[in-house]
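Please look through the sequence and the model before reading the solutions.

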Amino acid sequence: MKDQSVAQSSQTFADTIFALSSGAGTAGVAVVRLSGPHAFAALEALSGKPVPEARYAALRLLTNEDGARLDQALVIAFKGSASFTGEDVVELHLHGGRAVVAGVLEALDRIDGLRPAEPGEFSRRAFDNQKLDLTEAEGLNDLIHAQTAAQREQALRQMDGALRDLYEDWRGRLVAHLAHLEADIDFPDEDLPEGVAGAVRPNILSLKFEITQHLVDGRRGEALREGFRIVIMGEPNAGKSTLLNALAKSDVAIVSDEEGTTRDVIEIQLDLGGYPVRLIDTAGVRESQGAIEQEGIRRALARAEEADLRLVLIRADDWPVIPKSMERWLDEKAMLVITQTDRTDMFHVKHDKLPGMPDVKVADVAYVSAKTDVGLSDLFSHLEEHVREAMAPREVPSLTRVRHRRALEEAVDHLDRFDQNAGLDAVLAAEDVRMAARSLGKITGRVGVEDILDVIFSDFCIGK
Ligand SMILES: Nc1nc2c(c(=O)[nH]1)N(C=O)[C@@H](CNc1ccc(C(=O)N[C@@H](CCC(=O)O)C(=O)O)cc1)CN2
Ligand SMILES: Nc1nc2c(ncn2[C@@H]2O[C@H](COP(=O)(O)OP(=O)(O)OP(=O)(O)O)[C@@H](O)[C@H]2O)c(=O)[nH]1
C-alpha cells in the first residue's frame with residue numbers, strides 16, 4: 001500500500017512523476033517516462049538490476065512488486081545534469097499493448113514517492129530548471145499539435161529560440177538604456193542639457209517602432225497556429241454547401257436544394273500547400289421565421305466578422321445583381337465567387353468594378369461551377385495564393401499567441417509613457433522603461449508569470 005503521507009505530499013516539486021508519453025491505444029512500442037529524484041530507484045525496483053550507464057539503452061525484464069512479469073523492455077536513464085527536464089529521467093520503451101502499459105503504470109503508482117504526471121508537467125519542470133523558456137515550451141506544444149508542414153516549421157523555429165532571441169534582445173537593450181537613466185538620476189550629467197533621458201530617447205523610440213512593426217503583421221503567426229479562417233457566405237441556394245464539398249473533396253456538409261438546409265455552422269480543416277485552413281460553411285443569410293434558423297444566421301454573421309477571408313457566393317443567374325444582404329461583406333477581405341456558371345452563359349462578362357458598388361474593391365473574383373468542375377482548380381490556386389501570402393514565414397519570426405501580443409502591447413504603452421515623461425521627470429521616465437522591460441520579460445517567462453504558468457502548461461498533453 002502506498003504510504004498516505006507520501007500521497008499527500010504529492011504536490012511538492014520533489015515528487016517523481018510518470019506518464020505514458022507516447023499516444024494512447026495499442027502500438028508497436030509505447031514510451032513511459034519518469035522524472036524526479038526517485039526515477040532511478042523506481043527503475044531498479046521494476047528491473048531488479050542496477051540502472052544502466054546514462055543514455056545507453058539496455059534490455060530489462062520488468063516485474064511488479066508481486067513478481068508478475070510485465071514486459072521485456074528497453075530502458076534508458078538520463079542523469080539530471082543532462083536530461084529533458086533537468087531532473088533524473090528514466091524512459092521505459094515498452095511493447096505497446098494495453099495490458100503491458102496498464103501493468104507498468106500500476107506498478108509505478110505503487111512505488112512510494114511516485115505519482116502520475118499532470119498535463120505538461122515534464123515541460124513545466126524543464127522550464128523551472130531553465131532548460132526551456134516559455135516561448136520554447138509553447139513552441140514544443142505547437143510542434144506536437146502541428147497538422148501541416150508550415151505549422152511544423154513555425155513551431156520548430158520557436159522551439160529553437162527564435163522568439164526568445166528577439167524578445168530577449170529587445171529586453172536587453174531596454175535594460176541597458178535603463179542603467180543609463182538610473183545612473184543619471186543618481187549622478188546627473190551636467191554636459192547633457194536635456195539629461196540622459198533626452199539622449200536615449202531616440203534609441204528607445206526606434207525600439208518602440210520595431211515592436212510596433214512586429215505587432216502589425218496581420219496576425220500571420222497566430223493564423224498559422226490556429227488555421228486561416230475562410231468563411232463561405234451567400235444567400236440560400238447560392239451553392240455554399242456544394243462548394244464546401246467540392247473544396248473538401250468529400251461529403252462533409254449537407255447538400256440539398258431545400259432552402260435553409262445549413263442551419264448551423266459547419267467547419268472543416270484543409271491543408272492548402274502546407275498551410276492550415278479552416279473552411280467554414282454558414283447558414284444562408286436571409287430573413288427567416290424559424291428560431292433555429294435565425295440562430296444559425298446569427299452564428300454565421302459572427303463567424304463572418306472574424307474571418308480572415310470571406311468567399312461571397314452569388315449565383316450566376318442572379319449576377320450581376322448583388323443581393324442587399326451581401327453588400328456589407330464585399331471588401332478587400334472578400335473573394336467574390338460567381339457560382340453555378342453552368343446555368344447561364346452570361347457569367348463570363350468580367351466586372352472590374354462591382355455593379356452598383358463602384359468604390360468597393362474585393363480581393364479577387366472567381367467563376368465556378370461545382371456541377372461541371374469548371375473554375376474549381378482556378379479557385380483553389382487563388383485561395384492557396386491568398387493563404388500563402390497571409391501566412392508564409394518572414395525573416396523576423398512572427399508572434400504566435402495572444403499572450404505575446406498583449407505583453408508587447410503593454411510594452412509599447414509603457415514606452416509611450418516614457419516618451420511623454422522623458423523631458424519632464426527622469427524618475428518616472430526610468431520607471432516606464434523598467435515596466436516595458438518587465439512586460440517583455442513576461443513573454444519568455446523571466447518575470448511576473450507565476451500566476452499564468454499553471455494555465456499555460458495545463459494546455460499541454462499528458463506525458464509532455
Ligand atoms: N525517447 C525520447 N525521444 C524524444 C524525446 C524524449 O524525451 N525521449 N523528446 C522530448 O521532448 C524529444 C527530444 N528532445 C530532447 C531534448 C533534450 C534532451 C536532453 O537529454 N537534453 C540534455 C542533454 C543535451 C545533449 O546531450 O545535447 C540537456 O539539455 O541537458 C532529450 C530529448 C523528441 N524525442
Ligand atoms: N447547376 C448547378 N447546380 C448547383 C451548383 N452548385 C449547387 N447547385 C445546386 O443548388 C442547390 C443549392 O446548393 P447548396 O450547396 O445546398 O446551397 P447553399 O447555399 O448551401 O444553401 P442553403 O444551405 O440553403 O443556404 C442544390 O440543389 C445544388 O445541387 C452548380 O454549380 N451548378
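## Salt bridges in the model

In this predicted model, the structure holds 40 salt bridges.

**Exercise 1.** Determine where Arg124 and Asp128 lie, and whether each of them is buried, partly exposed or exposed.

*Solution.* Begin with the contact itself: Arg124 forms a salt bridge with Asp128, and their closest N and O atoms are 3.4 Å apart. Finally, consider accessibility: Arg124 has a relative accessible area of 17%, and because buried means under 20%, Arg124 is buried, whereas Asp128, at 29%, is partly exposed.

**Exercise 2.** Find which parts of the chain are tied together by the pair Arg343 and Asp317.

*Solution.* The closest N and O atoms of this salt bridge are 4.0 Å apart. Arg343 lies in the loop between β11 (334–339) and β12 (364–367), while Asp317 lies in the loop between β10 (309–315) and α12 (324–327), so the pair ties together parts that are 26 residues apart in sequence. Asp317 counts as partly exposed, at 36% relative accessibility.

**Exercise 3.** Describe the setting of the salt bridge between Arg388 and Glu384.

*Solution.* The side chains meet at 3.8 Å, taken from N to O. Both residues lie in helix α13 (residues 376–391), four residues apart, about one turn of the helix. Arg388 is partly exposed, with a relative accessible area of 40%, and Glu384 is partly exposed as well, with 26%.

Key: Residues numbered from 1 in each chain as written. Chains lettered and ligands numbered in written order. Predicted model: local features only at pLDDT ≥ 70, side-chain atom pairs only at ≥ 80, totals over all residues. Heavy atoms only, no water. Buried < 20%, exposed > 50% of the residue type's maximum accessible area, 1.4 Å probe, protein only. Helix = DSSP H or I, 4+ residues; strand = E, 2+ residues; numbered from the N terminus.
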